[in-house]
Amino acid sequence: DMVEQRLHRLAGQDDPVLIGAELPLAAADYSVLAIDRLAAIAPLVLVDDNTLTGSARIRFIHASPDAPPVDIAVANGGPVLFSDVSFGESGGYIEVPAGVYDLEARVAGTPIVALDVPGVNVTGFRSFTVIATGFLKGFPALSALPVLDSERCATDVVGDGRTAVSDILAAIDKWNTSDPWADVTRDGVVNVHDIMLL
């Protein structure tokens with residue numbers, strides 16, 4: 001298609017393959033990210049640990065090629081959650097209490113904030129990955145991409161490991177918001193269909 005042809009021209013290639021790699025995958029869950037500048041694009045293969053516990057599980061992946069190593073911390077001088085993560089690395093998984101977190105990426109070992117990551121909504125019995133992507137100096141700009149890796153049950157809005165009336169109340173409370181965890185049907189909106197599925 002047109003996007004694929006444009007990528008080939010940008011890469012200076014006639015071959016339709018932008019990334020070629022043989023991945024020796026075993027029986028496990030994986031995340032495969034295309035990272036680096038287009039001329040040096042390469043796969044980053046990570047084994048996912050989708051163990052679900054009562055706490056929220058979160059990991060951080062540094063995928064911004066021109067950004068320095070970073071510490072991921074709770075905003076406004078809060079504690080560091082992931083320390084000294086360099087480009088192409090994962091900070092591994094940690095467990096945190098369910099909640100909404102304002103995070104920031106700081107230049108490793110300093111208080112200098114490279115990126116604000118407000119409103120990261122994590123709930124129990126779910127695993128999340130936050131990916132720093134884009135460019136510190138370039139286009140697209142540095143940004144954070146939160147991804148839901150696994151969850152106990154799609155109808156478990158409150159994240160307590162079961163579906164109950166509390167999930168219906170939580171869905172109603174989140175009505176007409178952009179909260180993705182209340183969007184049970186995964187159609188991009190929170191509406192009566194989500195409550196009916198509960």
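Modeller: Ala, Val, Leu, Ile, Met, Phe, Trp, Tyr, Cys and Pro count as nonpolar; Asp, Glu, Lys and Arg count as charged; the others, Gly among them, count as polar. The model is predicted: local features need pLDDT of at least 70, side-chain atom pairs count only at pLDDT 80 or more, and totals for chains, interfaces and linings use all residues. Residues are numbered from 1 along each chain as its sequence is written, and side-chain values use heavy atoms, without hydrogens and water.

Biologist: What makes a space a cavity?

Modeller: On a 1 Å grid over the protein atoms alone, a cavity is a set of points where a 1.4 Å probe fits but cannot get out. The whole structure has three cavities of 30 Å³ or more.

Biologist: How do you know the volume of the largest cavity?

Modeller: A volume is the space filled by probe spheres set on the points, with grid points joined across faces, edges and corners. For the largest cavity that gives about 90 Å³.

Biologist: What makes a residue part of a lining?

Modeller: Lining residues have an atom within 4 Å of a point. In the largest cavity they include Ile 58, Arg 59 and Phe 60. By class, this lining has 11 nonpolar, no polar and one charged.

Biologist: What is the volume of the second largest cavity?

Modeller: About 60 Å³. Its lining has eight nonpolar, two polar and no charged residues. His 62 and Ser 64 are among them.

Conventions:
1 Å grid on protein atoms, 1.4 Å probe; cavity = no way out; pocket = protein on both sides within 12 Å on 5 of 7 lines; lining within 4 Å.
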